Amino acid sequence: MTLINKAARPGPITLDVIGYELNAEDHRRILHPLTGGVILFGRNFFNRKQLSKLTAEIKKLRPDVLISIDHEGGRVQRCKTDGFTHLPAMRKLGELWMGKHQSKHAAESAALAMAAATACGYVLAAELRACGVDFSFTPVLDLDFGRSAVIGDRSFGRDPQIVFALAKSLNEGLRMAGMANCGKHFPGHGWAEADSHIAIPVDERSLDEILNDDAKPYEWLDLSLAAVMPAHVIYPRVDQLPAGFSRIWLHSVLRQELGFQGVIFSDDLSMEGASVAGSVVKGAELALEAGCDAVLICNRPDLADELLAKLKVSTAKQAESRLRLNQLMPSASAASWDELQKQAEYQHAKGLLNEFDLIQ
């Protein structure tokens with residue numbers, strides 16, 4: 001095993017930055033050849049001008065890093081002021097599908113919900129890209145069994161067919177605005193009750209039960225799915241390791257059985273659900289060996305430094321992952337915020353969301 005060199009960038013580590021602008025430590029971490037992405041949080045957003053300046057500064061340092069954010073709508077939306085649209089929780093789209101609007105015909109309700117999902121994806125991606133953000137970790141593909149509070153209304157619903165159709169529609173909206181997608185949390189976080197941010201969730205169901213229900217949206221989305229984030233959930237009837245560290249889940253099931261060829265991101269290695277892997281370096285090694293292309297480390301700059309100092313990745317592994325990671329970069333330039341406001345597609349998408357009372 002050899003540490004990757006500068007020529008092998010982007011690297012497998014996605015890390016965060018401290019505040020509204022970069023400090024010297026942020027500069028050092030972003031310039032490290034093991035860094036391949038920067039993830040932003042609410043603490044990194046004050047207004048659009050500041051966000052655009054921050055993303056431009058990151059790109060000036062490292063044009064090859066992917067600037068990402070968790071921006072789903074509902075309670076998971078990092079940019080909420082200064083003109084950003086308050087997007088609905090995905091459950092609202094599922095309710096629209098079920099006819100909780102004006103239409104009384106099932107097929108019409110489904111079509112309207114899919115149109116609204118596409119509009120959501122377009123607005124989400126277009127607004128972020130206008131401020132220099134490349135990628136959002138969305139959509140949530142977890143099924144809502146009414147058991148997981150951390151998932152809850154972030155899910156489109158209980159029916160995997162509805163989740164698939166609405167996710168595919170939302171992904172189309174993202175694509176129209178030049179943004180890739182990321183389905184999460186594979187194979188499903190909806191059944192396990194514990195929150196993997198603060199606990200170690202366990203799902204006692206069998207492999208067949210999960211594959212025939214929770215994992216169906218991943219199977220059906222197929223080539224339209226650009227990236228996947230596995231759950232920090234243990235499925236003991238399949239493996240004693242959480243899915244994000246499990247070669248069974250990531251290689252045997254996701255890569256081989258479901259044929260997924262896109263990027264696999266680990267979930268945040270600082271979460272409690274990742275603690276079963278041991279140290280942050282051990283966790284990253286396990287995740288990459290299991291099949292992840294990139295690992296996230298958030299809210300712990302000390303652990304990010306430990307990873308940058310100690311993680312080793314084979315040149316072969318890095319070369320394979322680099323090809324996938326580069327596919328997530330936007331392929332075309334984005335409209336500025338002012339240009340976006342005049343864009344017919346954007347105005348139509350917001351008008352549609354207004355019509356269905358999904359935004360104010």
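A residue counts as partly exposed when its relative accessible area lies between the 20% under which it is buried and the 50% over which it is exposed. The views below show a predicted model.

**View 1. Asn299, a residue with positive phi in the loop between β10 and α10.** The relative accessible area of Asn299 is 44%, so this residue is classed as partly exposed. Phi of Asn299 is near 65°, a positive value in a residue that is not glycine. Most residues other than glycine have a negative phi, and most peptide bonds are trans.

**View 2. Asp357, a residue with positive phi in the segment after α13.** Although Asp357 is not a glycine, its phi is positive, at about 60°. The segment in which Asp357 is found follows α13 (344-355). With a relative accessibility of 64%, Asp357 counts as exposed, because the cut-off for that class is over 50%.

**View 3. Two cis peptide bonds, from Thr138 to Pro139 and from Lys184 to His185.** The bond from Thr138 to Pro139 has omega near 15°. Pro139 belongs to the loop between β6 (135-136) and α5. In the bond from Lys184 to His185, omega is near 5°. His185 is placed in strand β7.

**View 4. The largest pocket and its lining.** The space in this pocket amounts to about 560 Å³. Its lining consists of 27 residues, and those nearest the centre are Ala180, Asn181, Leu223, Ser224 and Ala226. Helix α5 (residues 160-176) provides the largest share of the lining, with four residues. Divided by class, the lining of the largest pocket comprises 13 nonpolar, nine polar and five charged residues.

**View 5. The largest cavity and the elements around it.** Two cavities of 30 Å³ or more are present in the structure. The largest cavity holds about 110 Å³ of space and is lined by 16 residues. Thr14, Gly36, Gly37, Leu66 and Leu325 lie nearest the centre of the largest cavity. Two or more lining residues come from each of β1 (13-16), β2 (35-40), β3 (66-69) and α11 (315-326). The lining of the largest cavity contains nine nonpolar, six polar and one charged residues.

**View 6. The second largest cavity, with lining residues from β1 and α10.** A volume of about 30 Å³ is found for the second largest cavity. Its lining is formed by Leu15, Asp16, Ile18, Arg29, Pro301 and Ala304. The elements β1 and α10 each give two or more residues to this lining. Four of the lining residues are nonpolar and two are charged, while none is polar.

**View 7. The crossing of helices α1 and α2.** The axes of α1 (residues 24-31) and α2 (residues 48-61) come within 10 Å of each other and cross at roughly 45°. Helices α1 and α2 are therefore oblique to each other, because an angle of this kind falls between the limits of 35 degrees for roughly parallel and 65 for roughly perpendicular. The crossing of α1 and α2 is right-handed.

**View 8. Two residue pairs, Ala199 with Val233 and Lys310 with Asp203.** Ala199 is found in the loop between β7 (183-186) and α6 (207-211), and its relative accessible area of 25% makes it partly exposed. Along the chain, Ala199 and Val233 are 34 residues apart, and their C-alpha atoms are separated by 9.6 Å. Lys310 is part of helix α10 (residues 301-310) and counts as exposed, at 52% relative accessibility. Between Lys310 and Asp203, which are 107 residues apart in sequence, the C-alpha to C-alpha distance is 32 Å.

Notes. Residues are numbered from 1 along each chain as its sequence is written. This is a predicted model: local features need pLDDT of at least 70, side-chain atom pairs count only at pLDDT 80 or more; totals for chains, interfaces and linings use all residues. Side-chain values use heavy atoms; hydrogens and water are left out. On a 1 Å grid over the protein atoms alone, a cavity is a set of points where a 1.4 Å probe fits but cannot get out, and a pocket is an open set with protein on both sides within 12 Å along at least five of seven lines; lining residues have an atom within 4 Å of a point. Grid points are joined across faces, edges and corners, and a volume is the space filled by probe spheres set on the points. Ala, Val, Leu, Ile, Met, Phe, Trp, Tyr, Cys and Pro count as nonpolar, Asp, Glu, Lys and Arg as charged, and the others, Gly among them, as polar. Buried means under 20% relative accessible area, exposed over 50%, partly exposed in between (1.4 Å probe, protein chains only). Axes are lines fitted to C-alpha atoms, for helices over the stretch in contact, and angles run from 0 to 180 degrees between N-to-C directions. Angles under 35 degrees count as roughly parallel, over 145 as roughly antiparallel, 65 to 115 as roughly perpendicular and the rest as oblique. A crossing is left-handed if the near helix is turned anticlockwise from the far one by less than a right angle, and right-handed if clockwise.
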